[in-house]
Amino acid sequence: MDAELTTEGQEGRVQAAASSELLQKGSSSKDVLIRKLATPALSGDTGHCLRVLCDYVGASHHLLARYDLVQEEGLDFVVASDWPFDTVRRLESELALTYSQSTELEKCLSVLQPKYGILPDEAYVPAGISRQYCIVTLNVGRTRLALMLLFPQDYVLSPERLREVGLLAGYAVSLSTSKGQKSDRDFDLTDRELECLFWIAEGKTSDEIATILGISRNTINNYITSVMRKTATKTRSEAIAYAVRNNLV
């Protein structure tokens with residue numbers, strides 16, 4: 001009996017040691033990954049960072065987009081991508097529709113939560129690649145980004161690892177110092193727009209703000225419309241939520 005207990009104790013210690021070793025290896029591998037991201041990120045090579053993250057999560061293609069600019073003209077919303085060009089063009093309208101139909105609360109709750117979609121039938125997909133894509137949204141400062149990944153067919157996805165990739169993508173973008181990087185807004189709110197945003201956050205109506213600032217009601221409404229366009233919000237309440245979240249008021 002004592003021999004059996006001794007054997008079981010030894011097996012327990014072996015298993016505990018093995019588990020500890022695996023945890024250390026997991027932690028070590030993430031440390032290595034972060035170090036691999038730092039150098040290209042600091043030089044502004046976002047594409048290289050995304051390829052490193054693709055290898056980590058098992059993805060075949062990446063697309064990093066400015067989710068808050070997806071409704072603008074052209075492809076300025078694309079930060080870095082190795083997706084087929086035509087596929088990006090076909091997905092543009094779908095992204096804009098999804099973003100415009102989401103409330104500010106839904107956008108906040110979706111951060112770092114992997115979601116999945118299916119590419120349109122007419123969209124080109126390389127051989128052996130699944131038509132299902134994964135999208136992870138993330139925030140870097142005031143900028144909302146979407147990391148979209150394609151995977152080989154029948155690849156088993158790990159939600160936990162996808163969330164890690166979202167965090168690491170945000171880390172890489174935040175480190176970037178490239179002048180050409182699109183991580184900062186190409187436009188800012190004017191002083192007048194910020195004033196209007198402040199007063200609507202205080203619960204003032206357009207007429208009341210017009211009286212306070214000494215300009216016409218129509219001009220106030222134009223400023224507020226401009227604020228909502230620039231912040232990609234649909235209502236005054238959403239604009240206020242955006243302002244609070246980004247410390248604008």
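Colleague: Where does the charged end of Arg 161 sit?

Modeller: A charge sits over a ring if NZ of Lys or CZ of Arg is within 6 Å of the ring centre and within 35 degrees of the ring normal. Here the charged end of Arg 161 lies over the ring of Tyr 56, 4.1 Å from its centre. Mind that this is a predicted model, where local features need pLDDT of at least 70, side-chain atom pairs count only at pLDDT 80 or more, and totals for chains, interfaces and linings use all residues. Residues are numbered from 1 along each chain as its sequence is written, and side-chain values use heavy atoms, with hydrogens and water left out.

Colleague: Which residues of helix 2 are buried?

Modeller: Buried means under 20% relative accessible area, exposed over 50%, partly exposed in between (1.4 Å probe, protein chains only). Helices are DSSP runs of H or I, at least four residues, and strands runs of E, at least two, numbered from the N terminus. In helix 2, Tyr 56 is buried, and so are others including Cys 49, Leu 53 and Val 57. With 9 of its 12 residues buried, helix 2 is largely enclosed by the rest of the structure. Gly 58 follows helix 2, with a positive phi near 85 degrees.

Colleague: How many aromatic pairs are there?

Modeller: Rings of Phe, Tyr and Trp (its six-membered ring) pair if their centres lie within 6.5 Å; planes under 30 degrees apart are stacked, over 60 edge-to-face, the rest tilted. That rule gives 3 aromatic pairs. One of them is Trp 83 with Tyr 133, edge-to-face at 6.3 Å and 65 degrees.
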